[in-house]
Amino acid sequence: MATLHDSQTVESIPAAKGPNPVTRESIRQRLINEKLVVIIRVTDPADIPPIIACMNDAGVGAVEITSNTPGYQNAITQARAHYPNMLVGAGTITDIALVDEATKAGAQFLVTPNTSADVVRHAHSLQVPVVMGALTPTDVVNATQAKADIVKLFPAGAMGTGYLKDLAKGPFLNTIFFPVGGINEHNFEQWMQSGAAGIGIGGALASPVKTEEEANALTAKVRAIVVTLKNYPLEEAQ
């Protein structure tokens, strides 16, 4: 099971210079192509490297580390350095100060729980795409008018797949939806069939692993989702 050295710091790890996309538009399209963002929110920063190692082994192309995870900036910088082919983003970005904090650490995309035009404007000035939280039809309109790159339907689980279907296959046919909340290995296909272009999954996948057996089991579970998602058609960025 791969691990990272705890002694490494943000200052000691340079930003990765791998083949990652370098423009906001190409990062956005890659997120849509990947169809899966794994959300990491843990209480112990030492749990992050083993989780990301499992995600990498499973073929996950994009992970999000939330800003309310201790040491999230350092974790983003480390992940960028160790996995240059993986997109590494920051989540729970609710204001401009967090935009600056996360992008300084190397976040390649930002995810919000709320709808904020200010966050989008500032992130776009830095050429960083935003997956913006929205729940109601008004939120969706506000997010798209603010030029959010992807609309994160949140909390999706509280509303159900029928709600997403009413939005995505009704008034918002051209909106790229990534539902988040309550999605797991058992129901993710229902969300895709209801109009999702991609999904975000957190605790159901990004759980701490302490042994090689746990790491192998998590990797196998995630790999099965990654393989299944490849069967769904790609959405082109609007």
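**Entry 1. Helix α3**

I looked up α3 and found Y72, A75, I76, T77, Q78, A79 and R80 buried. Buried means under 20% relative accessible area, exposed means over 50%, and partly exposed lies in between (1.4 Å probe, protein chains only). I then noted what covers these buried residues: the cover includes α2, β2, β3 (87-91) and α4. I take contact as heavy atoms within 4.5 Å. Helices (H or I, at least four residues) and strands (E, at least two) are DSSP runs, numbered from the N terminus.

I have to keep in mind that this is a predicted model, in which local features need pLDDT of at least 70 and side-chain atom pairs count only at pLDDT 80 or more, while totals for chains, interfaces and linings use all residues. Residues are numbered from 1 along each chain as its sequence is written, and side-chain values use heavy atoms, with hydrogens and water left out.

**Entry 2. The whole protein**

I noted ten helices and seven strands in the protein. Of its 238 residues, 51% are buried. I also looked at contacts between residues at least 6 apart in sequence, and 63% of them join residues at least 24 apart.

**Entry 3. Helix α2**

How many of the eleven residues of α2 are buried? I found nine, so I wrote down that α2 is mostly covered. The buried ones are I48, P49, P50, I51, I52, A53, C54, M55 and A58. Their cover includes β1 (36-40), β2 (62-66), α3 (72-82) and α10. Just after α2, I found G59 with a positive phi of about 95°.

I also checked D47, which sits in the loop between β1 and α2. D47 counts as buried because its relative accessibility is 9%. Leaving out residues up to four places away in sequence, D47 touches V42, P208 and K210. The C-alpha atoms of D47 and S207 are separated by 8.5 Å, although the two residues are 160 residues apart along the chain.

**Entry 4. α2 against α10**

I looked up how helix α2 (residues 48-58) packs on helix α10 (residues 212-229): the angle is about 45°, and the axes are 8 Å apart. Therefore α2 is oblique to α10. Angles under 35 degrees count as roughly parallel, over 145 as roughly antiparallel, 65 to 115 as roughly perpendicular, and the rest as oblique. Axes are lines fitted to C-alpha atoms, for helices over the stretch in contact, and angles run from 0 to 180 degrees between N-to-C directions.

The crossing of α2 with α10 is right-handed. That term applies if the near helix is turned clockwise from the far one by less than a right angle, and left-handed applies if it is turned anticlockwise. On the α2 side I listed C54, M55, D57 and A58, which meet A215, L218, T219, V222, R223 and V226 in α10. By class, this contact of α2 with α10 has seven nonpolar, one polar and two charged residues. Here Ala, Val, Leu, Ile, Met, Phe, Trp, Tyr, Cys and Pro count as nonpolar, Asp, Glu, Lys and Arg as charged, and the others, Gly among them, as polar.

**Entry 5. Nonpolar cores**

A nonpolar core is a set of buried Ala, Val, Leu, Ile, Met, Phe, Trp, Tyr and Cys residues joined through side-chain atoms within 4.5 Å. The largest one has 66 residues, and those with the most contacts inside it are L36, I40, M55, I65, L110, F177 and I199. I noted that α2 gives the largest share of this core, seven residues. A second, separate core has 13 residues, including V37, L87, I150 and A197.

**Entry 6. α4 against α5**

I found that the axes of helix α4 (residues 96-105) and helix α5 (residues 117-125) come within 9 Å and cross at roughly 30°. This crossing of α4 with α5 is right-handed. The contact is made by I96, V99 and D100 of α4 and D118, V119, H122 and A123 of α5. Is I96 buried or partly exposed? I96 counts as partly exposed because its relative accessibility is 35%.

**Entry 7. Backbone details**

I found a cis peptide bond between F154 and P155, with omega about -5°. P155 is in the loop between β6 (150-153) and α7 (156-159).

K35 has a positive phi near 70° and is not a glycine. I placed K35 in the loop between α1 (24-34) and β1, and its relative accessible area of 4% makes it buried. Q127, also not a glycine, has a positive phi of about 65°. I placed Q127 in the loop between α5 and β5 (130-134); at 41% relative accessibility, Q127 counts as partly exposed.
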